[in-house]
Amino acid sequence: VVSDKSRDAAAVLVSKFITRPDVRQKRTADFLDWTLSTLSKSSFQTIEGTIVMDGMLQALAQFFKHGKREDCLPYASTVLECLDNCKLFESNQTILRKLGVKLVQRLGLTFLKPKVAKWRYQRGFRSLAANLQFSSGGLIPQKTENISIDTGEEEEEEYDIPGEIENVIEQLLIGLKDKDTIVRWSAAKGVGRLTGRLPKELADDVVGSVLDCFSFQETDNAWHGGCLALAELGRRGLLLPSRLSDVVPVILKGLTYDEKRGACSVGSNVRDSACYVCWAFARAYDPLELKPFVNQIAR
C-alpha cells in the first residue's frame with residue numbers, strides 16, 4: 001500500500017486485468033471480496049486507512065468503468081451497500097469524498113441500461129452538412145421540433161428502474177452540497193449522466209430535487225453545486241424548455257448572489273457558475289426558446 005502515483009497506476013492495471021474475458025469469470029468475485037473486505041476494515045480517521053481506502057475506491061471505480069455492464073451488474077448492489085456503510089461524506093478527506101461520488105455515479109450507470117433519452121431536447125442536427133443546409137434555408141425545420149416530443153411507443157419501451165437508483169441519486173444530491181468544488185463538480189456530472197438514462201417523469205423529479213438546492217436556507221456550496229448540475233442538464237438537453245420558467249428566476253438570483261460573513265462576503269463561485277449556466281443554455285437552446293428570458297438575464 002503506497003500513496004504515490006504507482007497506486008493510481010495499479011488501480012487502472014488491476015481493473016484492466018480483471019475485466020479481461022479470460023480472467024473475469026475466475027477472479028472477479030475474489031477480487032471484489034478482497035476489495036470490499038479491505039475497504040470495510042479501513043478507517044478514514046487514520047492516515048494509513050485513508051491511503052488504503054483511496055486505493056480500493058480507485059480500483060472499484062476503474063473496474064466499473066472498464067467492465068461490461070452485464071459483468072458488473074451482479075456485484076453492483078453489494079458494492080453500493082458497502083459504500084453506504086463507509087459513510088465517506090463524514091470524512092474530512094476531499095479525495096475520498098470525490099472518489100465516493102465517482103463510484104456512486106458509475107454504480108448508477110451500471111444499474112441503468114445505456115440508452116439515449118428520446119425525450120431530450122436537441123437543437124439542430126447531428127450532421128454538420130444538415131446544419132449548414134438548414135441555416136441556408138434548404139431544409140424545413142421539422143426534425144428539431146419533433147426530437148423533444150414523446151410518443152406512445154417510447155412509453156412502452158420504458159423498463160423498471162432498480163430501487164438502488166433512488167439511493168444513488170440521493171447521494172449525488174448530497175454531493176452537490178459538498179464543501180469542496182471538485183466533489184460538487186463530480187456530483188453534477190453524475191446527475192447529468194444518470195438523468196439521461198431515466199424516463200421523462202423521473203428525470204423531471206431529479207430536476208425538481210436540484211432546484212431544491214436554491215433555497216436561502218442552503219449554503220453557497222449548495223447554490224454552486226445546483227448551478228453546475230443545471231448547466232450539465234441543460235447542455236445535455238435534459239432540461240426541457242417547459243422547465244425554463246422555473247429555472248431562469250433561480251439563475252437570476254444566482255447571478256447576484258452575495259452572502260455576508262463577518263467583514264467579508266462569499267458568493268463569487270455561485271455567480272461564476274450561474275454565468276456558466278447562461279452560457280450552457282445559450283449553446284443548448286434555440287433562440288426562440290430563450291427569447292422570453294433574454295431581457296431578464298441581460299439586466
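The model is predicted. Helices α2 and α4 pack with axes within 10 Å of each other, and the salt bridges come to 16 in number. One of these bridges joins Arg 97 to Asp 180, residues that lie 83 positions apart in the chain.

**Helices α2 and α4**

- Two packed helices are described by the distance between their axes and by the angle between those axes.
- Helix α2 spans residues 24-41 and helix α4 spans residues 69-86; their axes come within 10 Å and cross at roughly 5 degrees.
- Angles under 35 degrees count as roughly parallel, and α2 and α4 are therefore roughly parallel to each other.
- On the α2 side, the contact is made by Arg 24, Thr 28, Ala 29, Leu 32, Leu 36 and Leu 39.
- On the α4 side, the partners are Asp 71, Tyr 75, Thr 78, Val 79, Cys 82 and Cys 86.
- By class, eight nonpolar, two polar and two charged residues make up the contact of α2 with α4.

**The salt bridge between Arg 97 and Asp 180**

- Side chains of opposite charge can pair when their charged atoms come close.
- Arg 97 and Asp 180 form a salt bridge with an N to O distance of 2.3 Å.
- The pair links distant parts of the chain: Arg 97 belongs to helix α5 (residues 94-111), while Asp 180 sits in the loop between α9 (164-175) and α10 (181-195).
- Arg 97 has a relative accessibility of 2% and so counts as buried, given that buried means under 20%.
- Asp 180, with a relative accessible area of 21%, is partly exposed.

**Other salt bridges**

- Arg 20 pairs with Asp 22 in a salt bridge whose closest N and O atoms are 2.7 Å apart.
- Glu 259 counts as partly exposed at 26% relative accessibility, and Arg 261 is partly exposed with a relative accessible area of 39%.
- A network of salt bridges links Lys 5, Arg 7, Asp 8 and Asp 54.

Note on methods
Residues numbered from 1 in each chain as written. Predicted model: local features only at pLDDT ≥ 70, side-chain atom pairs only at ≥ 80, totals over all residues. Heavy atoms only, no water. Axes fitted to C-alpha atoms, helices over the stretch in contact; angles between N-to-C directions. Helix = DSSP H or I, 4+ residues; strand = E, 2+ residues; numbered from the N terminus. Parallel < 35°, antiparallel > 145°, perpendicular 65-115°, else oblique. Contact = heavy atoms within 4.5 Å. Nonpolar A, V, L, I, M, F, W, Y, C, P; charged D, E, K, R; others polar. Salt bridge = Lys/Arg side-chain N within 4 Å of Asp/Glu carboxyl O. Buried < 20%, exposed > 50% of the residue type's maximum accessible area, 1.4 Å probe, protein only.
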